Amino acid sequence: MHARPLILCGLIALAAAGCRREEREHSARPIGEQGPGKVVLSELFPGGSPPPGGSHRRYEENAYHMNEGKRLYSWFNCVGCHAHGGGGIGPPLMDERWIYGGQPENIYASIVEGRPNGMPSFRGKIPDQQVWQLVAYVRSLSGQAPKDAAPSRDDHLSAKPSEQQTPAQPPRNSALPTASERRE
Amino acid sequence: MTAPVGPFAQSALHVAGPQAAHIERLWWLMFGVSAAVYALVMAALLIAILRRRRAAVEPEPRPDPAREQGLGRVVWAATGLTALTLFLLIAASYLTDKGLDALAHDEEVSIEVTGQQWWWKVRYHGAPESRGFDTANEIHIPVGATVKLTLKSTDVIHSLWVPALHGKQDLIPGQDNVLYLRADRPGIYRGQCAEFCGFQHAKMALEVVAESREDFARWREAQLAPAPQPADAVQARGMAVFLSGPCVMCHRIAGTDAGGVTGPDLTHVASRRTLAAGEIPNNRGHLAAWIADPQGIKPGNHMPASNLDPADVRALVAYLESLR
């Protein structure tokens, strides 16, 4: 008989823990306040462990940010080159290969600074929060975001499974594809 | 010039078109019937309350069969009258629906209205299509002309409701709904999203400007033209700020490199009466405030704040104000 209130308390605690998933922030910092200092461009660190930080993971744990990222991904025409993850003019984003690193900070740098061979720099065009939302969504394309927050459906017919159903691809650093690889 | 917005710009009882007139007639019929029923019920209740109560000690008199029969007849008559009234209302509602659909489908103007969180994208179709153009939150129509509205949505279900012209019609993602309407007298009629669509649903309004055919043709020609070039150094700086800043990610100005399509088309933004979907009047102060802090005016909307230099904001506003 005593188990029932305990189970109830446990359920309430569980439900409360899930609330962050739906948290919404509307007044983010304005466009133009972007700090390049926070971004780490390498995945190699002396001692073998990455420096402290990583607060940007919270965007991946939040369904609202994730969904906004998905919306912005087509609004800002990322689909134009990367398609819905399969790539085209730009490299695919749904596989395990990352030319410039697959950590959130690396993807942030790719968007803000741009990359050689065609990736434009969006510095000063997109507020910081929206870049992080895009980063979270881009990582969900290769199944790296938590399943409980990743988008589970598309508004349109889609040839690939939803971001939530995508199997996780462990990120692997990769050189630029060679000419023969590109022909494949 | 069109008439200024009156206090009844958004009223189903101050109609400006044939379809809204049908709805208004039905409204008055329903009101009359409901008021009469209400008065009768209240009167019966009052009689029951005020009738002198029999003393508690007095024994209940034996029911009089003739009186009982009379009461039974009254109940039957009242039931019959109620059923008849309801059938009358059904018939009136059916005839109103038929009346709404009776407007001939030979449209003079064809407009596509796309609901988005939380504003209205308005596209005028032209013949040929290169004579079409985009605007936002303001629909101009010629008085006396049948107008076809094709209703779409890109995100969630919205509903277009301009009470002075027509009833509500939903805008549904993945489906085109069609609404034919006509305005019979010039004026500015306010409309509103009538289906809860998220955080800023209450601030998703639009205006329908009904004007003479000549005024409409003039407006249409003006909207078709590309944006004017900056006239002075301040406006030129504003244009540079627009093109090099974050604005181009979402907004379009025809005649420049700005080609974003996710936000409202700004080619002739200064010709519009309101900003932010009817939320604030379109003037210098409100425009600057909107650019500086859109989240303060409409929290949750998709325009982010930008960290522009005050002089840049002034130049930007001067440039946008020149886009007539």
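Helices (H or I, at least four residues) and strands (E, at least two) are DSSP runs, counted from the N terminus. The views below show a predicted model, in which local features need pLDDT of at least 70, side-chain atom pairs count only at pLDDT 80 or more, and totals for chains, interfaces and linings use all residues. Residues are numbered from 1 along each chain as its sequence is written, chains are lettered from A and ligands numbered from 1 in the order in which they are written, and side-chain values use heavy atoms, without hydrogens and water.

Figure 1. B:Met42 sits in helix 1 (residues 18–50) of chain B. Its relative accessibility is 35%, so B:Met42 counts as partly exposed. Buried means under 20% relative accessible area, exposed over 50%, and partly exposed in between (1.4 Å probe, protein chains only). B:Met42 belongs to a nonpolar surface patch of about 820 Å², together with B:Val37, B:Tyr38, B:Val41, B:Leu45, B:Leu46, B:Ile49 and B:Leu50. Patch residues have over 30% relative accessible area and no salt bridge; like charges are joined within 9 Å, nonpolar side chains (Val, Leu, Ile, Met, Phe, Trp, Tyr) within 5 Å. Areas come from the Shrake-Rupley method with a 1.4 Å probe; for residues, only the protein chains shown count as cover.

**Figure 2. The open sheet 4-10-9-6-7 of chain B.** Five strands make up this sheet, with mixed pairing. Two strands pair if DSSP finds at least two bridges between them. Strand 4 (138–142) and strand 7 (169–171) of chain B are the edge strands, each pairing on one side only. From one strand to the next, the twist averages 25 degrees. Strand 9 (residues 187–193) and strand 10 (residues 205–211) of chain B run antiparallel, joined by six bridges. B:Gln192 stands opposite B:Ala205, and B:Tyr189 stands opposite B:Val208. Strand 4 and strand 10 of chain B run parallel, joined by five bridges. There, B:Ile141 has B:Ala210 as its bridge partner.

**Figure 3. Strand 10 of chain B and its cover.** How many residues of strand 10 of chain B are buried? Seven of its seven residues are. B:Ala205, B:Glu207, B:Val209 and B:Glu211 point one way, while B:Leu206, B:Val208 and B:Ala210 point the other way. In a regular strand the side chains alternate between the two faces of the sheet. Helix 3 (residues 213–224) of chain B lies across strand 4 and strand 10 of chain B, at about 135 degrees to strand 4. Axes are lines fitted to C-alpha atoms, for helices over the stretch in contact, and angles run from 0 to 180 degrees between N-to-C directions.

**Figure 4. The open sheet 3-2-1-5-8 of chain B.** This sheet has five strands and mixed pairing. Strand 3 (133–136) and strand 8 (177–181) of chain B stand at the edges with a single partner strand each, so one side of each has no neighbour in the sheet. The twist averages 25 degrees from one strand to the next. Strand 1 (residues 109–116) and strand 5 (residues 147–153) of chain B pair in the parallel sense over seven bridges. B:Val113 has B:Leu151 in strand 5 as its bridge partner. Helix 3 of chain B also lies across strand 1, strand 2 (119–124) and strand 3, running at about 105 degrees to strand 3.

**Figure 5. The loop at B:Lys168.** B:Lys168 lies in the loop between strand 6 (158–161) and strand 7 of chain B. With 52% relative accessibility, B:Lys168 counts as exposed. Beyond its neighbours within four places in sequence, B:Lys168 is in contact (heavy atoms within 4.5 Å) with B:Ser159, B:Leu160, B:Trp161 and B:Ala194.

**Figure 6. Salt bridges in chain B.** A salt bridge is a side-chain nitrogen of Lys or Arg within 4 Å of a carboxyl oxygen of Asp or Glu. B:Glu221 and B:Arg131 form one (2.6 Å, N to O). B:Glu221 lies in helix 3 and B:Arg131 in the loop between strand 2 and strand 3 of chain B, so the pair ties together parts 90 residues apart in sequence. B:Glu207 and B:Arg273 form another (2.7 Å, N to O). B:Glu207 is buried, with a relative accessible area of 9%, whereas B:Arg273 is partly exposed at 35%.
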